Amino acid sequence: KVLQGLIPNFGRSYDDGMRKYRQGQLSNAARPLREAWRLYQLIDLQGNRYREELAQALAQASLVQGREALLRNDLDTAAIAFKDASKLDPSEPKAQRGLEDVRAKAEDLFTQAYMIRDREPQEARRMFNTVKNVTPPGSTFHEKAKSILASMAP
């Protein structure tokens with residue numbers, strides 16, 4: 001019964017994502033391809049023709065989506081996209097550079113948030129949350145942002 005719902009949804013997401021991918025709309029293809037990948041993993045098929053094609057398309061689309069999100073300063077989306085690309089193709093240097101760029105921008109965002117935390121606490125809280133979300137747990141900026149957020153809690 002569960003498969004009866006998953007398979008058509010996978011087909012729709014896969015077709016939509018691959019259509020956009022083939023048309024060169026890589027950033028727009030990332031969302032349906034990511035959903036197709038999630039459904040593919042739930043269906044748990046072993047070694048069929050979709051796996052490699054889907055993984056390759058999603059990795060490329062995620063790289064483009066990450067770069068575009070980074071240009072918009074949307075660090076949350078950029079981090080997710082670059083992490084996906086890195087998981088799908090661990091040898092991809094662009095994904096690693098993208099993650100490094102996200103971390104560098106997160107450090108700058110931390111500094112900005114720190115400077116405005118008394119004047120604009122809501123905006124600073126949003127910025128600290130972003131830093132916490134995009135930096136790896138255990139890193140200096142992640143822990144600092146987490147600590148400051150805890151002290152800012154109403």
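This is a predicted model: local features need pLDDT of at least 70, side-chain atom pairs count only at pLDDT 80 or more; totals for chains, interfaces and linings use all residues.
Residues are numbered from 1 along each chain as its sequence is written, and side-chain values rest on heavy atoms, with hydrogens and water left out.

The chain contains seven helices and zero strands, these elements being DSSP runs (H or I of at least four residues for helices, E of at least two for strands) numbered from the N terminus. Along the sequence the pattern reads α-α-α-α-α-α-α, and the C-alpha trace spans about 55 × 35 × 25 Å along its principal axes.

Two packed helices are described by the angle between their axes and the distance between the axes. Here the axes are lines fitted to C-alpha atoms, for helices over the stretch in contact, and the angles run from 0 to 180 degrees between N-to-C directions. The axes of helix H1 (residues 2–22) and helix H2 (residues 26–43) come within 8 Å and cross at roughly 155°; H1 and H2 are therefore roughly antiparallel to each other, a term applied to angles over 145 degrees, with under 35 counted as roughly parallel, 65 to 115 as roughly perpendicular and the rest as oblique. Their crossing is left-handed, that is, the near helix is turned anticlockwise from the far one by less than a right angle. In the contact (heavy atoms within 4.5 Å), residues of H1 including Leu3, Phe10, Tyr14 and Tyr21 meet residues of H2 including Leu26, Pro32, Leu39 and Ile43. The residues of this contact divide into 16 nonpolar, four polar and three charged, where Ala, Val, Leu, Ile, Met, Phe, Trp, Tyr, Cys and Pro count as nonpolar, Asp, Glu, Lys and Arg as charged, and the others, Gly among them, as polar.

Helix H3 (residues 49–71) packs with H4 at an angle of about 155°, the axes lying 8 Å apart, and H3 and H4 are therefore roughly antiparallel to each other. The crossing of H3 and H4 is left-handed. By class, the contact of H3 with H4 has twelve nonpolar, four polar and two charged residues. H4 in turn packs with H5 at an angle of about 155°, with axes 9 Å apart, and H4 passes H5 in a left-handed crossing. Among the residues that meet in this contact are Leu75 and Phe82 in H4 and Leu99, Lys105 and Leu109 in H5.

The largest pocket has a volume of about 170 Å³. A pocket was defined on a 1 Å grid over the protein atoms alone as an open set of points where a 1.4 Å probe fits, with protein on both sides within 12 Å along at least five of seven lines, and lining residues have an atom within 4 Å of a point; grid points are joined across faces, edges and corners, and the volume is the space filled by probe spheres set on the points. The lining comprises Asn73, Leu75, Asp76, Lys105, Asp108, Leu109, Gln112, Arg126 and Thr130. Helix H4 (75–88), helix H5 (93–116) and helix H6 (121–134) each give two or more residues to this lining, and H5 gives the most, with four residues.
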